[in-house]
Amino acid sequence: MSDVLVLTLSCADRPGITAKVTTFLSDCGCNILEAQQFNDRANDAFFMRVEFDPAERNSEHIRGEFGELAGEFGMEWKLSIRDRPRRVLIMVSKFDHCLADLLYRWRIGELAMDPVAIVSNHPRESIDSTDIGDVPFYHLPVRGETKAEQEARVRAIAAETDAELVVLARYMQILSDEQTSHFSGRCINIHHSFLPGFKGAKPYHQAHQRGVKMIGATAHYVTTDLDEGPIIHQDVEPITHADNPDQLVRKGRDIERRVLAEAVRLHIAERVLLSGGRTIVFG
């Protein structure tokens, strides 16, 4: 793991922010490796992401010194070690293609994550086709009268494992407002539709009925509004009138897994900044 650090920040837009940040890093002896910024003129907001080699300075030293500058500009900011594996809790139901893809990408070193737990509302036998390995597995059934208890157990597992991100890898349960609020900004869902079209259940069947010529998938942060959270990544695939709903489901699986994997990669690389109901994604 390298010592490269990532600084992300947002604040009200005003002249001189970029110069102040880069000058600060230069004065600290840091070497900037990548820098991206976005001036949201419509909302008078500024967003920035900088990767840099801290040289002889440690992250806590830089964090302490940068706090004064951040206060001057009223910044919301974060300083992270770029290559540190993020601790991820994955939730899944019966469809395990997204889970299998995430674990594969983790094992080959493509995703800098540490899967600390897998939670499913179905028993492990239902996803036997996926090599879970030594990742702890929790079977937590969901029933109406016990849903609150089940969600409390999920929160406890996340706390016990120090999970930094929760990924709904085709977890086919609607989270309560309490649960979505608890994991706000750190829970990613994959929806098998190109949102905002075809929300809710059976979107491929909805798409077939409308005769669309493209199907897609959307990875977004979970909010209390179903399938309306800030969008991180999307992709599409062409289809024809000859494709039936089952064929759309088959084609959709490939879109879903790659869209979710890219959204997770962007999040753990600190490339996604929230701006109200939108995201700023530094690719």
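Q: In which helix is Thr180 found?

A: Some ground rules come first: this is a predicted model, in which local features need pLDDT of at least 70 and side-chain atom pairs count only at pLDDT 80 or more, while totals for chains, interfaces and linings use all residues. Residues are numbered from 1 along each chain as its sequence is written, and side-chain values use heavy atoms, with hydrogens and water left out. Helices (H or I, at least four residues) and strands (E, at least two) are DSSP runs numbered from the N terminus. Thr180 belongs to helix α5, residues 177–182.

Q: Is Thr180 buried or exposed?

A: Buried means under 20% relative accessible area, exposed over 50%, and partly exposed in between, with a 1.4 Å probe and protein chains only. Thr180 has a relative accessible area of 5% and is therefore buried. Contact means heavy atoms within 4.5 Å. Leaving aside neighbours within four places in sequence, Thr180 is in contact with Leu175, Val222, Thr223 and Thr224.

Q: Which class of accessibility applies to Arg153, and which to Gly74?

A: Arg153, in helix α4 (residues 147–160), counts as partly exposed because its relative accessibility is 31%. Not counting residues up to four places away in sequence, Arg153 touches Tyr138, Leu140 and Glu160. Gly74 lies in the loop between α2 (59–73) and β4 (76–81); its relative accessible area is 54%, so Gly74 is exposed. Beyond neighbours within four places in sequence, Gly74 is in contact with Ser10 and Cys11.

Q: At what angle do helix α3 and helix α7 pack?

A: Axes are lines fitted to C-alpha atoms, for helices over the stretch in contact, and angles run from 0 to 180 degrees between N-to-C directions. Helix α3 (residues 97–107) and helix α7 (residues 245–268) pack at about 45°, their axes being 9 Å apart. Angles under 35 degrees count as roughly parallel, over 145 as roughly antiparallel, 65 to 115 as roughly perpendicular and the rest as oblique. The two helices α3 and α7 are therefore oblique to each other.

Q: Which residues make the contact of α3 with α7?

A: From α3 come His97, Cys98, Asp101, Leu102 and Arg105, and from α7 come Arg253, Glu256, Arg257, Arg258, Leu260, Ala261 and Val264. For classes, Ala, Val, Leu, Ile, Met, Phe, Trp, Tyr, Cys and Pro count as nonpolar, Asp, Glu, Lys and Arg as charged, and the others, Gly among them, as polar. The contact of α3 with α7 divides into 5 nonpolar, 1 polar and 6 charged residues.

Q: How is α1 placed against α2?

A: The axes of helix α1 (residues 17–27) and α2 come within 11 Å and cross at roughly 165°. That makes α1 roughly antiparallel to α2. In this pair, Ile17, Lys20, Val21 and Phe24 of α1 meet Ile62, Glu65, Phe66, Leu69, Glu72 and Phe73 of α2. By class, the contact of α1 with α2 has 7 nonpolar, no polar and 3 charged residues.

Q: How many residues does the largest nonpolar core have?

A: A nonpolar core is a set of buried Ala, Val, Leu, Ile, Met, Phe, Trp, Tyr and Cys residues joined through side-chain atoms within 4.5 Å. The largest has 35 residues, and Leu102, Leu260 and Val264 have the most contacts inside it. Among the elements that give two or more residues to this core are β5 (86–92), α3, β6 (113–120) and α7. Helix α7 gives the most, with 9 residues. Leu260 touches Cys98, Leu102, Val167, Leu168, Ala169, Ile188, Ile190 and Ala219, not counting residues up to four places away in sequence. A second, separate core of 21 residues includes Leu9, Met48, Leu69 and Met75.

Q: What is the phi of Asp162, and what is that of Arg170?

A: Most residues other than glycine have a negative phi. Asp162, although not a glycine, has a positive phi of about 55°. Its place is the loop between α4 and β8, and with a relative accessible area of 51% Asp162 is exposed. Arg170 is likewise not a glycine and has a positive phi of about 65°. Arg170 lies in the loop between β8 and α5 and counts as buried at 6% relative accessibility.
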